[in-house]
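Here is a protein chain to get to know. Please brief me on its main features, in short points.

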Amino acid sequence: GKYLLPDEPADPQGLLELAEAMKGQEEKPLVVIGMIGGVADPWTKNKTSFIITDPAAVEEEPVDAKAHAHKGHDAKDHDPATCPFCSKKIKEPEALALIEFRGMDGKVLPYDAQQLLGVQKQQLVVVKGKVRQDASGYWLIAADGIYVRR
């Protein structure tokens, strides 16, 4: 209950924009938007913790270029790597974040996130919390509020 925000917080950052928003700070309170998922199983058993991904980084099947002639496809400056239709999106660690809801003792709450927060895979969520990056480049967010976009 107390973690569910009645209104969407302003100015949410996508995970791929976080590096810019953090600008060399180790930890910073931010509002982050992402989609629950990005990995086969985004949930942590018996913990109020889950993984979100930047919707822009969702892996897509590589597209067969011939079957996929879109406008501008034959332009000289067409770059399949940056073309949203052609690029096979690659999962960068920066496109994933581990969201953790902690209790007063600093430990992750021992409740299933899906039950406590009523969230599901593929939902877009806006999370308020303190953001930092771990050594592998993944974002860690100590969350204190969540809003589910419906």
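Leu16 counts as partly exposed, at 45% relative accessibility; buried means under 20% relative accessible area, exposed over 50%, and partly exposed in between, with a 1.4 Å probe and protein chains only. Leu16 sits in the loop between E1 and H1. The model is predicted: local features need pLDDT of at least 70, side-chain atom pairs count only at pLDDT 80 or more, and totals for chains, interfaces and linings use all residues. Residues are numbered from 1 along each chain as its sequence is written, and side-chain values use heavy atoms, with hydrogens and water left out.

**Around Leu16**

- Contact means heavy atoms within 4.5 Å.
- Neighbours within four places in sequence aside, Leu16 is in contact with Asp54, Ala56, Ala57, Glu94 and Ala95.
- Leu16 and Pro55 are 39 residues apart along the chain, and 9.5 Å separates their C-alpha atoms.
- Helices (H or I, at least four residues) and strands (E, at least two) are DSSP runs, numbered from the N terminus.

**Confidence**

- pLDDT is the predictor's confidence in each residue, from 0 to 100.
- The protein chain has a mean pLDDT of 84, and 77% of its residues reach 70 or more.
- Residues 61-71 have pLDDT below 50, and this stretch has eleven contacts in the model beyond near neighbours in sequence.
- Where pLDDT is low, the predicted coordinates should not be read in detail.

**Nonpolar core**

- A nonpolar core is a set of buried Ala, Val, Leu, Ile, Met, Phe, Trp, Tyr and Cys residues joined through side-chain atoms within 4.5 Å.
- The largest nonpolar core has 26 residues, of which Phe50, Ile52, Phe101 and Val125 touch the most other members.
- Two or more residues of this core come from each of H1, E2, E3, E4, helix H2 (113-117), strand E5 (124-133) and strand E6 (139-148).
- E6 gives the most to this core, with five residues.
- In soluble globular proteins, nonpolar side chains tend to be buried together.

**Aromatic pairs**

- Rings of Phe, Tyr and Trp (its six-membered ring) pair if their centres lie within 6.5 Å; planes under 30 degrees apart count as stacked, over 60 as edge-to-face and the rest as tilted.
- The whole structure holds two aromatic pairs.
- Tyr3 and Phe101 form an edge-to-face pair, because their ring centres are 5.2 Å apart and their planes stand at 70 degrees.
- Tyr3 lies in the segment before E1 and Phe101 in strand E4 (residues 96-101), so this pair ties together parts that are 98 residues apart in sequence.
- Both Tyr3 and Phe101 are buried.
- Trp43 and Phe50 make a tilted pair, with 5.9 Å centre to centre and 55 degrees between the planes.
- Trp43 counts as buried at 18% relative accessibility, and Phe50 counts as buried at 0%.

**Strand pairing**

- Two strands pair if DSSP finds at least two bridges between them.
- E2 and E5 pair in the antiparallel sense over eight bridges.
- Within this pairing, Val31 has Lys128 in E5 as its bridge partner.
- E5 and E6 run antiparallel and are joined by nine bridges.
- One facing couple is Gln133 and Trp139, the latter in E6.
- E5 and E6 form a hairpin with five residues between them, and Gly137 in the turn has a positive phi of about 95 degrees.

**A buried loop residue**

- Thr48 lies in the loop between strand E2 (28-36) and strand E3 (49-53).
- Thr48 is buried, because its relative accessible area is 0%.
- Residues up to four places away aside, Thr48 touches Ile99, Glu100, Phe101, Val108, Leu109, Tyr111, Ala113, Leu116 and Leu117.

- Asp11 is found in the segment before strand E1 (13-14).
- Asp11 counts as exposed, at 63% relative accessibility.
- Asp11 is a residue other than glycine, and its phi is positive, near 50 degrees.
- Asp11 and Val126 are 115 residues apart in sequence and 9.8 Å apart in space, C-alpha to C-alpha.
- Lys23 lies in the loop between helix H1 (18-22) and E2.
- Lys23 counts as exposed, at 62% relative accessibility.
- Lys23, a residue other than glycine, has a positive phi near 40 degrees.
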